[in-house]
Amino acid sequence: MKSPLQQFQQQAEIVSQDRRHREIIQTALEKYAVVRDQTRAAFQDYGAAREAAAEIKTEALAQLDRHLEQFVSRLESRGAKVHWAGNGQQAREIILGIVREKKARSMIKSKTMTSEEIHLNEALEHEGVEVVESDLGEFIVQLRKETPYHIVFPAMHLTRGEIKDLFHRELAANSSDHPEELTMVARRVLRQKYLAADIGLTGANFAIAETGMISITENEGNARLTAAMPKTMITLLGIEKILPRLEDLALFLPMLATNGTGQLLTGYNTLFGGPRQPGECDGPEEFHVLLLDNGRTEILADAEQRDSLRCIRCGACLNVCPIFRNVGGHTYGTAYSGPVGSVITPHLRGLQSWKHLSYASSLCGACSEICPVKIDLAHHLLQNRRNAAAQKPSLAWKIAFKIFTCVFNHPALYRRLAPLGRVGQKLYPLVKGTRCDPAYAWTKTREAPAIAPQTFREFWRTRK
Amino acid sequence: MTEREKILTRIREALAVPVPQSGHGQRGEPRPQALVQWLPLVGETSDEQLAAFRQNAAALKIVFHALTDGNELKFFLTALREKEQWKEIGTHSGELTDFATQCLALPTLKTDSGYKAFELERCDAGITECDALVAQTGSVLVTSRSAGGRALSVLPPHHVVLARRGQLVRDLPAAFQLLKQKYGENWPGMISFISGPSRTGDIERTLVLGAHGPKKMTVCLL
């Protein structure tokens with residue numbers, strides 16, 4: 001079993017040298033950057049809007065307990081059933097409990113990264129339930145037995161040709177590689193799944209405390225159908241999705257769309273406040289809302305990084321990150337990739353096993369700069385590095401720094417040792433590029449700069 | 001202790017530690033009343049708002065028609081029926097929708113008192129009313145009460161919206177205000193801002209209409 005670090009290093013090495021991958025990702029993200037900037041420019045004052053978004057989310061989190069209680073009591077008053085899960089296992093058990101109670105054989109899902117976080121599909125399939133992802137990108141990666149490549153664009157790493165072959169293989173569809181035809185193939189297949197599904201499961205983008213509603217942002221209409229056709233609806237969401245007031249959406253819906261896809265608003269922005277209400281003609285008979293902690297209270301307890309719970313999962317930080325663009329989404333090995341994934345995964349899944357993600361950064365700060373809720377991602381990566389080192393200091397580093405301190409505190413010793421570098425460099429080619437090379441990670445693709453023929457002191461003496 | 005209590009306790013314990021420095025985005029109270037000044041600009045007059053809606057709806061691939069009276073609507077709908085060869089339509093009870101049903105004289109599925117999913121699935125168009133049109137974004141605001149339930153506006157391949165001129169609102173904050181006034185504490189099960197026909201860009205970021213929901217969307221303003 002490879003460790004997350006080994007997996008990351010190997011995968012990063014392969015993907016970063018894959019020119020085809022680079023071309024696909026760069027083309028897609030350049031298109032995104034153009035429309036995103038156009039839409040931002042349509043705001044009268046984008047900076048003020050961004051500032052307000054950060055403040056509203058901060059306010060939501062500062063009284064998270066009160067907001068959650070309000071959210072739950074309003075939701076329950078309209079007949080929804082609310083469940084609480086401390087971790088992924090509890091969440092899976094609650095959902096499996098509903099599945100068993102309903103004797104459900106099939107489930108249709110609209111896009112939810114939280115279900116990726118708790119590995120829900122595996123658990124359901126193990127139970128013998130047919131699970132179908134209905135978001136087109138998710139449907140494609142599910143057919144490939146892959147995880148989503150990106151939190152907003154799950155299949156952005158694939159070309160139309162690959163998707164055509166996939167549909168031919170898995171769905172016996174003989175279509176051309178035109179995106180429209182491919183989309184219609186998926187539409188036909190998924191329509192039937194909708195009409196047959198026993199349970200619909202969705203995620204949520206926001207949870208409105210004031211009115212007790214969940215808000216879902218999408219383009220395809222698949223979440224609308226998921227919440228309309230099956231008799232039972234389940235919504236899985238993290239406890240940090242809270243917004244205090246209904247009208248906060250007037251800001252957050254455009255902020256999410258602008259940064260997520262570059263649209264001012266996505267195709268469907270829908271609020272669900274309960275199961276079918278008295279006098280209504282359709283909608284689920286039962287509506288279950290599952291609130292998930294799974295490490296989020298731990299992030300909340302880290303006052304320094306509490307702001308990372310403001311995240312609205314727009315994916316903007318992934319799109320601008322030079323590391324993400326080069327190593328790709330799958331390399332991270334996590335549900336949430338890119339800068340925000342690197343910040344929160346150590347909290348959700350253990351600092352020591354996932355600290356390497358915080359080094360997968362050039363610290364350029366593009367993520368902090370783009371974030372619509374002003375999470376200081378670049379500094380949080382540094383804090384994760386610091387915390388990891390403080391928690392479990394490396395012996396090699398300790399010894400190295402002891403020696404460094406000693407040499408630099410003793411001028412006489414420094415004078416003796418400095419010229420040794422020149423000798424060392426003469427011998428260096430013997431080990432360069434081999435596993436004995438202490439600087440292998442650096443020198444395997446780069447030349448080490450030559451050391452000057454004289455030290456500064458020697459130079460100064462001759463000049464006199 | 002229940003899981004609910006455990007989580008809420010953890011939250012309260014976590015929040016007892018204040019955030020160290022007031023860095024960016026952590027200053028006191030929010031200012032939602034200023035929203036109107038930050039979001040994209042829409043004019044004050046109804047003509048400006050109508051022009052904004054027209055422009056934004058066109059960008060979203062919504063076919064938009066401002067009609068003067070019932071006769072024009074009848075003419076428009078029957079022409080559409082012929083052009084797209086509608087055989088059956090889905091709709092709900094309402095002043096405008098009842099009028100449209102009368103004009104079209106087609107087999108009609110009314111969703112009001114329940115329906116079978118496959119019956120709605122085979123309809124050629126879903127004709128609904130709405131709560132508002134939002135000039136700022138070109139969106140149509142519907143709810144499960146105003147638009148014949150949850151599925152009517154999304155299951156048939158063509159969504160036709162019938163709206164009155166007075167239903168045009170300026171921007172998103174105004175739309176939320178309207179919702180609060182209209183529904184107060186008696187909220188419908190679903191509220192949806194629809195911004196164009198169903199769409200996807202999941203294959204090579206190429207726009208395709210009709211991913212799951214309607215491939216076409218038409219808004220008629222009376």
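Nine salt bridges are found across the interface of chain A and chain B in this predicted model. To see one of them, select B:Lys180 and A:Glu210, whose closest N and O atoms are 2.6 Å apart.

Next, select helix α3 of chain A, residues 46-62. With 11 residues, this helix gives the most to the side of chain A that touches chain B. By class, that side of chain A has 52 nonpolar, 23 polar and 28 charged residues.

Now show both chains. Here 103 residues of chain A are in contact with 78 residues of chain B. The two chains bury about 7800 Å² between them, and 60% of that area is on carbon and sulfur atoms.

Stay at the two chains and select residues 268-272 of chain A with residues 190-194 of chain B. These are strand β9 of chain A and strand β9 of chain B, paired in the antiparallel sense over five bridges. Within this pairing, A:Leu271 has B:Ile191 as its bridge partner.

Move on to chain B alone. Six of its strands form an open sheet with parallel pairing, in the order β1-β12-β7-β4-β2-β3. Strands β1 (63-66) and β3 (108-110) of chain B stand at the edges with a single partner strand each, so one side of each has no neighbour in the sheet. On average, neighbouring strands of the sheet are turned by 20° against each other, direction ignored.

Inside the sheet, select β7 (158-163) and β12 (216-221) of chain B, which run parallel and are joined by six bridges. B:His159 has B:Met217 as its bridge partner in β12(B).

Technical notes. Residues numbered from 1 in each chain as written. Chains lettered and ligands numbered in written order. Predicted model: local features only at pLDDT ≥ 70, side-chain atom pairs only at ≥ 80, totals over all residues. Heavy atoms only, no water. Contact = heavy atoms within 4.5 Å. Buried area = accessible area lost by both parts, 1.4 Å probe. Salt bridge = Lys/Arg side-chain N within 4 Å of Asp/Glu carboxyl O. Helix = DSSP H or I, 4+ residues; strand = E, 2+ residues; numbered from the N terminus. Nonpolar A, V, L, I, M, F, W, Y, C, P; charged D, E, K, R; others polar. Pairing = 2+ DSSP bridges. Axes fitted to C-alpha atoms, helices over the stretch in contact; angles between N-to-C directions.
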